[in-house]
Structures are given as structure tokens and as C-alpha cells.
Amino acid sequence: MNSEQVLICDINDEWSNSLGEFLKKSAFSPQYVHTGKEIQKDLFDNSEVTTLIMNWGVKEHGPLEVLRFIKTVTPSLRVFLVFESQVEFDESELTPSTIVKLGVTKYFIKPMGHQKIMTSLKGGQKFDTWKDGNESDENFEAVEMEINDKEFTRIKLKSFAMGARTVFDHYIKLGKSKYLKILHRGESFSINRIKKYSDKEIEYLYFKSSERAEYINYLNSLIKKSASKSSLKANTKLKMTKTGSELLVEEMYQTGLSPSLYKESKEMTEGVHSTLRDNPDIYLHIRNLISEDPNAYSKAYLTSLFSGMICIQIPWAGKITSNIVGQAAFLIDLGLLKLPPTERDLDPSVMKPEEVARYQNHPNLSLELIESYRFIPDTVRSVIKDHHEYVNGEGFPRGISGGQIYPLAKIVCFASEFSEYILKNQLTPQEGIRELLQVKGYLHRFDAEIIKCFISSLMQKELTSKTGAM
Ligand SMILES: [Fe+2]
């Protein structure tokens, strides 16, 4: 019999070990990690884990960040959340219904016996629902719908853990653009439900990609709220954000970036930043953007750094090019400041059509903002203008393609989307590129040569850059 793998992350080693020993007696196979980051790494590397038992106090990626990661990468995982005490639970301001919305299968408050967790692990097959305790598989009515295939993401049925809480509606596919909704969000996964509606062998369940984006937005707002609760002054926050990006950069260095390449890109990025800082007007705009969105600094910094790394690798780019893309990285999104405040944080995939139109116009708004600053070269302006245009023509605002796009904008386009992705999902660049390589068709929107250069700069431990700096 295969033992079920359970990942335990608690702040108390003694408690983890004694729970693990207890679970082993019933043929569960426990594994132990100590931080949120380790959870993510373990889940990414090991697809056999069915359940995560996570302490609310977990550090280095808090529990909400870990949940956001799980629902992006392994939405079928069962999650048990453990609080150290009733006081900690109360202070978290979570309620049973918000916990369900987060996708947590069950929560526990210490002190409680290990048996309680064991019962829940074993009882995963029992159907339960958060919306209505009386609802059961018998009176559930599946609804058939006609929806475009493009709206869906699929997930292997066999990866679902029994009792895993779904945070999106789940469907089975009946035919082209034809789906049957068989699980509502908030419900626990039930194999009986699926069997009832299909006697055929089902390999995948489907959910709408937009619902996942909605969930991530919801979690982002919770994470933001909990960050703002701490009585930090704006200045400290700014410093923390900077430290965050520096740490990430540090980690990239440790996890396999070429030291010379890293050093060169970092110096370049810092040089660009200090040039911009010397110009009070422009710096004020950058500061405004950062205070609106503390992540904006990390994103700009990383975009600048990655763009520089690509330039060092790419045969036709030189130091001047690096400087242009480095500057542009800090200016591309200034136009977001002109959007209504409520729209700045929205994920584009959940925006209303009029919001999308406003968002997609932000490259033009950025240009308007810097129009009077004559010291900004036209080349930088061209990068800003085209920084969301994709080589396959699916970008915005103009939807131009291939050779119509300003070449340096292609570098910044990739670097900025990639930075945003790894910051949002708290991944190292290596983890990020590994994930994106698996998303079918995703990288087609970028210039293949640029991706190749970026990957080679991530993969090589030591390379001689074109400028030869060490
Ligand atoms: Fe942008």
C-alpha cells in the first residue's frame, strides 16, 4: 500500500516530530519543512504530497503567500491550518467562512490531540460543504454550459486529494466548448460527485482561469491589509521593499547566477537609478508610484536588472542599450498613477472592458507624464511606448507584431512581465522560468532570442560578459 505523503510545517519542531511519528503509525509518510519558502520549494519539486499541515505563524513567506502559491501551482492540495492558540486565531481576524474562501480544508487550534488531525486526514473522503451543511451529493444538480475552451485551465484529476477545498468552480469537459459544472467553489473535492456525472474515465477537471485570478486578487488584498496593520511608517516600508528586492537579487546570486554578470547588471541598474534620482521631478513620480504600490520598486529594479542581464548576453546590444532599457524599466509604468486608484491593483484578467481599455492605455499615459523632460532620450520613450507589445501581435496598446515593435522594448517587455510573475508568486528566477516554460504557448509572445539569452544567463555559473568586467 502506498503511504500518503504529508508535509508538516510548524514553528515547533517537537510538535512536528511527535505528530509525524503518530501519523507514521497509520501509514502516512510525513516530511518536515520550516519556512513558507521551503513549503513552496517542496511542493514544486514533489508532486506526491497530498496534504500540507501549516502553522499560521510560518515565516519567510507567510501562510497567505503560501496559499496563493498553492492555488496557482497545485490547487488540488489539501491544506490544514494550525493556530498556536485561541488568541492567535482571534488576532488573525479570520472567520470559518474566510478560511474556506482561502481554500483551507480544516483548521485546528492548539492544544489539540494528534488524533484530531489523523481523523481529518482519514476522513477526507467524507463530503462536506461550507455553504450548506445539508447539501449532499444526492441533491446536487450539475449544470451544463457552453463556454469557450480558451477560458479554462485544466488540472489532472488524479492529483486531487480527497477533501481538498476548491476555491474555484470545477467542471468536466463534455465536448468542444461544452462543460458541466460539478463542484462549486468552497466545496470539498468528492470523487463520488464526479463518478455520478460521468461513467467515462475522466482525466482532467477544468476551472476558469479568471476565477483563479480573482482568488489571487482576493489574497493579495488580504496580504496588503495584514501588512498595513503593522504600524510601519511609509519610509520604513519603502526600505523594506527595497530590502526585499535586494534579498531576491542576493538569492539569485547564490542560486546560480554568474557572479560577474550579476555584479555588472547590478552596478548598471544602480547607476541608472541614481541618475534618475538626481532629477527631482522624475524621482518624485517614481516615489509616488512606489508609495501607491510598494512592489513597484522591486518590479522596476528587477526589470532593470534582468534587462541589463539580457543586454550583456545579446550579440547586438551594448552598454548604451543597457542604459536605455535600464532607465526605461523605472519609467514604463508611471502612467498607472493616472488610473483611478481602485483600478491600479486589479489583475487585468478580472477587469471590466472599460477598465481593460484604461489599463492598456498606460504606456501612452507614461509617455504623457514624462513628455516635458527633454533629457529623456527618444530611445527610452520608444521602449516605454512598446513595452506591452508582443511579437505575436497579441499585446497592447497597438497590437503591433514582430519587426514593427521597437527592438529594445522587446527586452523590457519580457523582463517586466517576468519580474512581475516572480514577485507575485515569490519565486526565484530559476523557479520562475521553469514554471513559465511549462505554460503552453506563454513564451510565444516574446522574442525567442531574448528568452534564450535570459535563460543562458540564468543557467551558466560563470561566463565572460562582452565587456569583460569581473
Ligand atoms: Fe506596464
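Helices (H or I, at least four residues) and strands (E, at least two) are DSSP runs, numbered from the N terminus. This is a predicted model, in which local features need pLDDT of at least 70, side-chain atom pairs count only at pLDDT 80 or more, and totals for chains, interfaces and linings use all residues. Residue numbers start from 1 along each chain as its sequence is written.

Strand β1 (residues 4–9) pairs with strand β2 (residues 28–33) in the parallel sense over 6 bridges; two strands pair if DSSP finds at least two bridges between them. C9 is placed opposite V33 in β2. Between β1 and β2 the chain passes through helix α1 (residues 13–24), and this β-α-β crossover is right-handed. That term applies if, with the strands pointing away from the viewer, the path from the first strand over the helix to the second runs clockwise.

E93, in the loop between α4 (86–92) and α5 (96–101), has a positive phi of about 60° although it is not a glycine. P111 sits in the loop between β5 (106–109) and α6 (114–122), and the peptide bond joining K110 to P111 is cis, with omega about 0°.

Next come two helix pairs. Helix α15 (residues 362–370) packs against helix α16 (residues 378–385) at an angle of about 155°, with the axes 8 Å apart. Axes here are lines fitted to C-alpha atoms, for helices over the stretch in contact, and angles run from 0 to 180 degrees between N-to-C directions. α15 and α16 are therefore roughly antiparallel, a label for angles over 145 degrees, while those under 35 count as roughly parallel, 65 to 115 as roughly perpendicular and the rest as oblique. P363, S366 and L367 in α15 meet R381, I384 and K385 in α16, where contact requires C-beta atoms, placed from the backbone, to lie within 7 Å. By class, this contact has 3 nonpolar, 1 polar and 2 charged residues. Ala, Val, Leu, Ile, Met, Phe, Trp, Tyr, Cys and Pro count as nonpolar, Asp, Glu, Lys and Arg as charged, and the others, Gly among them, as polar.

The loop between α16 and α17 contains P397, and the peptide bond from F396 to P397 is cis, with omega near 5°.

Helix α17 (residues 407–424) packs with helix α19 (residues 448–459) at about 55°, the axes 10 Å apart; α17 and α19 are therefore oblique to each other. K410, I411 and F414 in α17 meet I450, I451 and F454 in α19. The residues of this contact divide into 5 nonpolar, no polar and 1 charged.

Methods
Contact = placed C-beta atoms within 7 Å.
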